[in-house]
Amino acid sequence: MIAHARELAPHECCGMLAGKDGRVTHHYKIKNVVATKEEGVKALFDEAKITTLEQMTSEERADIAFWMDTKDMFAAQKDMRANSVELLASYHSHPISPARPSPTDIKALALYPDICHIIISLQDPKAPAANAFRIANGTATPVPYHIL
Amino acid sequence: MVKVRIPTPLRTLTGGKSEVEAPASDIQALIESLNGQFPGLKDRVCDDKGEIRRFVNIYLNEEDIRFLKGKHTPVKDGDEVSIVPAIAGGCEQGA
Ligand SMILES: [Zn+2]
């Protein structure tokens, strides 16, 4: 995941993790299509954020936000079914901000309250950080995780 | 009957089921029919005007219904419909 985040920096990267019984076995990289999702962005983000996004080029937009490509998500979910694994977590990177959910993340990711949301920060390029959260009802709760 | 794949966040409404079935002739009727079986499901998929929410994607077999006829896309027995809510977010700059 950190490699994926570095590969796409300074843009935000995103993806999904799947597995069984809380143990991740499958990793899917998903395209960040925030630049092409004008309508969706308006429905999900708050006014201030929209104004900022509107003033940016599509390249710049991908630096501060992400929107998973639904075609990629659909394909990933199909693969999960074929392998009898479940969606366990989403992840995305914060190229220049800390590894904690932003207000937009807390609003937008609340659509998926039952999975973990991992945020990777490249703020310190020598020491990338990753934290996992559960996001529901406007709050984010840190979740412990183990790297196997 | 149309087979409907329910995403993780909506399974609380379907008693944990990831696949359900409903009779319908188009997507709109399908949503109504699902809402009859699983009350509250329509609210999660449609806005108060009955339009499909922008951050909810619906696939008929392999196609996004936005590129077909939207909620008026016809469905038939044996079709597979998938509901895929968006995963999106942003960082703290300007948020
Ligand atoms: Zn974020």
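**View 1. Residue classes lining the largest pocket.** The lining of the largest pocket divides into 16 nonpolar, three polar and four charged residues. Nonpolar means Ala, Val, Leu, Ile, Met, Phe, Trp, Tyr, Cys or Pro; charged means Asp, Glu, Lys or Arg; the others, Gly among them, are polar. The model is predicted: local features need pLDDT of at least 70, side-chain atom pairs count only at pLDDT 80 or more, and totals for chains, interfaces and linings use all residues. Residues are numbered from 1 along each chain as its sequence is written, and chains are lettered from A in the order in which they are written.

View 2. A pocket is an open set of points on a 1 Å grid over the protein atoms alone, where a 1.4 Å probe fits, with protein on both sides within 12 Å along at least five of seven lines; lining residues have an atom within 4 Å of a point. Volume is the space filled by probe spheres set on the points, which are joined across faces, edges and corners. The lining has 23 residues, with A:L17, A:G22, A:V24, A:Y145 and A:H146 nearest the centre. In chain A, strand 2 (23-30), strand 4 (86-94), strand 5 (116-121) and strand 6 (129-136) each give two or more residues. Strand 4 of chain A gives the most, four. Strands are DSSP runs of E, at least two residues; helices are runs of H or I, at least four; both are numbered from the N terminus.

**View 3. The second largest pocket.** Its volume is about 360 Å³. Of its 18 lining residues, A:Q77, A:R81, B:I6, B:R11 and B:S18 lie nearest the centre. Helix 5 (70-82) and strand 4 of chain A, together with strand 5 (80-85) of chain B, each give two or more residues to this lining. Helix 5 of chain A has the largest share, four residues. By class, the lining of the second largest pocket has eight nonpolar, five polar and five charged residues.

Methods
Side-chain values use heavy atoms; hydrogens and water are left out.
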